[in-house]
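Visitor: Please take me closely through one part of this model, and then show how its surroundings are put together. Keep it brisk.

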Amino acid sequence: MTLLEATLRAVAALAAFLVLPLLVGQAEHKVMAHMQGRLGPMYAGGFHGWAQLVADGVKFVQKEDITPRAADRWVFRLAPAVALVPYLVALALVPVHPGVAAVDVPGSLVLVLAATSVGALGTLMAGWSSANKYSLIGGLRAAAQLVSYELPIVLALASVALAGGSLSLAVLTERWSPLWLLWQLPGAVVFLVAAVAELQRPPFDMPVADAELVMGAWTEYTGLRFAFFLLSEYAGIVVMSLLFATLWLGGWHGPLPDALGWLWTLLKGFVVALLVIWVRVAWPRLREDQLQRLAWLWLVPLALGQLLLTGVGVVLGW
Amino acid sequence: MTALDTAFTASGVLAVLGGLFAVTTRHVVHAALWLVVALLGVAGSLLVLGAELVALVLVLVYVGAVVVLVLFALMLTRAPIGPDVAHAAGRWRATGAGLLGLATAGLLATALVPLADGTVERADVTTTQVAGQLFGTWVWPFELLSLLLLAALVGALAVARGDRAVDGATAP
């Protein structure tokens, strides 16, 4: 790989990282508004408020960057970066077209998992270092939730890796067949639910429950650092949606000519992202004990059952 | 010095520095975060040497689950912002721990340094090889370890739940 190619790949990944979360964010503004019988942003940019998030970004840049006096200065200031950068790494690994990914490594499935698990540390660092009781409780709830929902995600992905016989996202997508839609369905459901929980999105937003914890671990953040946390949440939606689209919905497999494969991947990913937004509007927040109950009594057994089913299928040569 | 040597040295230095800061800092939460740095350094070294799966699983399990649990436990207890003087080890204990650490490092160095010939070689370890070793050669130790962990888990539950009858007697 030449230096030019490496630079181009890095720039492409960064561009995707900056554009796709904005698209999802704007979609959330408008789709959520229409689901609730509102219009959503209408003025910024002229046409149906398309520039609202750009305007928000400009606003965040102008705000004062405050570090509370009692806070642990370094950890507090580092936390947004720890939350954000791993999702950039994860997004760079997702294949969008046969042979096209910003970074193509043999063990990309495990690398995506490892990267997102590092990203979770950002919330915990923010929660502890803010020296604020709301932040601390938010961080505690986030830690409890992340530990419980990490397991179903790993098990569901292990089932797909077993079915495709590889740890590479590109190879797994290549070996996808429509049969997987049925065969891997329980694992797919488990992954989608656990991914929403891992991102701490409603209905699993106990860690940032605004009615009781202000903004959870992010309470003390202002300006650009707060915006980075928001960006990492939307980048997380993009990563999880694209993962779901490539592994369970077949990525670039589709009826149109093969050259349009990347369009299929993005389209499927966007539909999954819309589903994540829809879930937010449709369900009320789960209580902490309901949340843990769902993970340990439903998702983990279901994922283990899926793993067993996949193992039997692979041995029998389905 | 090849690029491989440089990458290996960099991750090695990262691991050693992270480990040193983890044991010397007076801030408990900082110690957990330095542990993350040390683990990432070790994972980087493994990655350079070609053990891809082991490196990534190390990050996934230790950073993603173990350190998260450590931070959870620290946040549950009183983990102060700033140096923790209540749990400061005395001078004798610190010296003893330092000597023990030096002795372990020396033992490892005398065993391992003669094996190295100064160059970093990449041995591509495939996932199939790791799985074959883990579930073939080493399957009994592996299963024994999981039994040990299960016993620890059951023990922790028993301790945490306490004696129901006693609880009932003392409840108002």
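Guide: Ala7(B) sits in helix α1 (residues 3-24) of chain B. Helices here are DSSP runs of H or I with at least four residues, strands are runs of E with at least two, and both are numbered from the N terminus. This is a predicted model: local features need pLDDT of at least 70, side-chain atom pairs count only at pLDDT 80 or more, and totals for chains, interfaces and linings use all residues. Residues are numbered from 1 along each chain as its sequence is written, while chains are lettered from A and ligands numbered from 1 in the order in which they are written.

Ala7(B) counts as partly exposed because it has 16 C-beta neighbours inside 10 Å. The cut-offs are these: 20 or more other C-beta atoms within 10 Å make a residue buried, 12 or fewer make it exposed, and anything in between is partly exposed, with C-beta atoms placed from the backbone. Gly44(B) lies 37 residues from Ala7(B) along the chain, yet their C-alpha atoms are separated by 8.1 Å.

How far can chain B be trusted, by its average pLDDT? The average is 84, and 93% of the residues score at least 70. pLDDT is the predictor's confidence in each residue, from 0 to 100. Within chain B, helix α6 (residues 139-161) has the highest mean, 90, and helix α7 (residues 164-170) the lowest, 54. Where pLDDT is low, the predicted coordinates should not be read in detail. The model as a whole scores ipTM 0.81 and pTM 0.86.

Chain B is assigned two stretches: domain 1 (3-124) and domain 2 (138-172). Such bounds come from an automatic or database domain assignment. The C-alpha centres of domain 1 and domain 2 of chain B are 29 Å apart.

Now the meeting of the chains. The contact takes 26 residues from chain A and 21 residues from chain B. Two residues are in contact if their C-beta atoms, placed from the backbone, lie within 7 Å. On the side of chain B that touches chain A, the elements giving two or more residues are α2 (28-49) and α3 (52-76) of chain B. α3(B) supplies the largest share, 15 residues. By type, that side of chain B divides into 18 nonpolar, two polar and one charged. Here Ala, Val, Leu, Ile, Met, Phe, Trp, Tyr, Cys and Pro are nonpolar, Asp, Glu, Lys and Arg are charged, and the others, Gly among them, are polar.

Take Val59(B). Leaving aside neighbours within four places in sequence, Val59(B) is in contact with Ala114(A) and Val118(A), and with Leu39(B), Leu40(B), Ala43(B) and Gly64(B). Val59(B) is also among the residues with the most contacts inside the largest nonpolar core, along with Leu91(A), Val238(A), Val239(A) and Leu39(B). That core has 129 residues. Helix α5 (residues 133-164) of chain A gives the most to this core, with 17 residues. A nonpolar core is a set of buried Ala, Val, Leu, Ile, Met, Phe, Trp, Tyr and Cys residues joined through C-beta atoms within 7 Å. In soluble globular proteins, nonpolar side chains tend to be buried together.

α1(A) has 33 residues and reaches 47 Å from its first C-alpha to its last, close to the 48 Å expected. The expected span is 1.5 Å times one less than the number of residues. Among the buried residues of α1(A) are Phe17(A), Leu20(A) and Glu28(A). The buried residues of α1(A) pack against α2 (52-62), α3 (73-93), α10 and α11 of chain A. Helix α11 (residues 261-282) of chain A has 22 residues and should span 32 Å; its end C-alpha atoms are 32 Å apart, which agrees. Its buried residues include Trp264(A), Leu266(A) and Val276(A). The buried residues of α11(A) pack against α1 (3-35), α8 (185-198) and α10 (223-247) of chain A.

Last, the backbone details. Most residues other than glycine have a negative phi, and most peptide bonds are trans. His48(A), in the loop between α1 and α2 of chain A, has a positive phi of about 50 degrees although it is not a glycine. Val214(A), in the loop between α9 and α10 of chain A, has a positive phi near 60 degrees. The peptide bond from Pro202(A) to Pro203(A) is cis, with omega near 5 degrees.
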